[in-house]
Amino acid sequence: MFEWFGKVNFVPYTKVSDFARHLKDGYLMGSRCKRCGEQSFPPRADCGACLSGEFEFFEVNGKSKLLTFTKIVAAPTGFEEVAPSTVGVADLEDGGRILAWIGDTIPEEEIEIGMELQVVPRIFEELEEIKVYYSLEKPGTTWSKASAPSTAE
Ligand SMILES: [Zn+2]
């Protein structure tokens, strides 16, 4: 599965490879520290509270509220093709905060701070690489998932 990462350098591979598989299966996953219970989204291989490297994944429902947003007209290098576009920062019901594109289900004129959103994982696969981004969509937006989260170690 390491090939999903392509040239992107995730360290250490063994700790995050399951995360790639969960995303590929359509699951939003956060991490929970096995020592102190600290939860993090996006997941962290090492606990930000107690520095423990022992963690487990848990599924995040992706329900969130829009904290702020901005329209990007002049895109940074590498993102020219997606400009203009709108990105938002949302606070997740399960904890954590995400920066993501505002998706197609939400017309620009309906974007409002405090509105309820659904975080949806979007995956592009390019040859031997997996690329993931998230979009913020209307509550109730569904996306395809595998039948169950992969649990194989
Ligand atoms: Zn911890």
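Buried means under 20% relative accessible area, exposed means over 50%, and partly exposed lies in between, with a 1.4 Å probe and protein chains only. By this rule I102 is buried, because its relative accessibility is 11%. The model is predicted, so local features need pLDDT of at least 70, side-chain atom pairs count only at pLDDT 80 or more, and totals for chains, interfaces and linings use all residues. Residues are numbered from 1 along each chain as its sequence is written, and side-chain values use heavy atoms, with hydrogens and water left out.

**Figure 1. The protein chain as a whole.**
The protein chain holds one helix and eight strands; helices (H or I, at least four residues) and strands (E, at least two) are DSSP runs, numbered from the N terminus. Along the sequence the pattern is α-β-β-β-β-β-β-β-β. Of its 153 residues, 35% count as buried. Among contacts in the protein chain with a separation of 6 or more, 53% join residues 24 or more positions apart; a contact means heavy atoms within 4.5 Å.

**Figure 2. The zinc site.**
The zinc ion has four protein donors, C33 (SG), C36 (SG), C47 (SG) and C50 (SG), at 2.3 to 2.4 Å. Donors are N, O and S atoms within 2.8 Å of the metal (3.2 Å for Na, K and Ca), and water is not among the atoms, so sites may look incomplete. The angles among the four donor atoms run from 104 to 114°, and the site is tetrahedral. Four donors count as tetrahedral if all angles lie between 85 and 135 degrees. The spacing of the donor residues in sequence is C-x2-C-x10-C-x2-C. C33 is buried, because its relative accessible area is 6%, whereas C36 is partly exposed at 42% relative accessibility.

**Figure 3. The loop between β2 and β3.**
P42 lies in the loop between β2 (39-40) and β3 (55-59). The peptide bond joining F41 and P42 is cis, with omega about -5°. L51 is also placed in the loop between β2 and β3. Phi of L51 is near 70°, a positive value in a residue other than glycine. Most residues other than glycine have a negative phi, and most peptide bonds are trans. L51 counts as exposed because its relative accessibility is 69%.

Two aromatic pairs are found in the whole structure. In the pair of F55 and F57, the ring centres are 5.3 Å apart and the planes stand at 85°, so the pair is edge-to-face. Rings of Phe, Tyr and Trp (its six-membered ring) pair if their centres lie within 6.5 Å; planes under 30 degrees apart count as stacked, over 60 as edge-to-face and the rest as tilted. F55 has a relative accessible area of 18% and is therefore buried. R32 lies over the face of F58, at 4.6 Å from the ring centre. A charge sits over a ring if NZ of Lys or CZ of Arg is within 6 Å of the ring centre and within 35 degrees of the ring normal.

**Figure 4. The largest nonpolar core.**
This core has 21 residues, of which F41, L66, I98, L117, Y134 and L136 touch the most other members. The elements α1 (13-24), β5 (85-92), β6 (97-102), β7 (116-126) and β8 (129-137) each supply at least two of its residues. β6 gives the most, with three residues. A nonpolar core is a set of buried Ala, Val, Leu, Ile, Met, Phe, Trp, Tyr and Cys residues joined through side-chain atoms within 4.5 Å. Not counting residues up to four places away in sequence, I98 touches F41, G88, V89, A90, L92, V119, Y134 and L136.

G88 is in strand β5 and counts as buried, because its relative accessibility is 1%. The C-alpha atoms of G88 and L66 are 6.8 Å apart, while 22 residues separate the two along the chain. Leaving aside neighbours within four places in sequence, the contacts of G88 include T68, F69, I98 and L136. T86 is also found in strand β5 and is buried, with a relative accessible area of 11%. With neighbours within four places in sequence left aside, T86 is in contact with residues including K71, W101 and I111.

**Figure 5. I102 in β6.**
I102 is placed in strand β6. I102 and L136 are 34 residues apart in sequence and 4.8 Å apart in space, C-alpha to C-alpha. Apart from neighbours within four places in sequence, I102 is in contact with L66, T86, V87, G88, I111 and L136.

Key: Four donors count as tetrahedral if all angles lie between 85 and 135 degrees; four count as square planar and six as octahedral if opposite donors are over 155 degrees apart and all others between 65 and 115; anything else is irregular.
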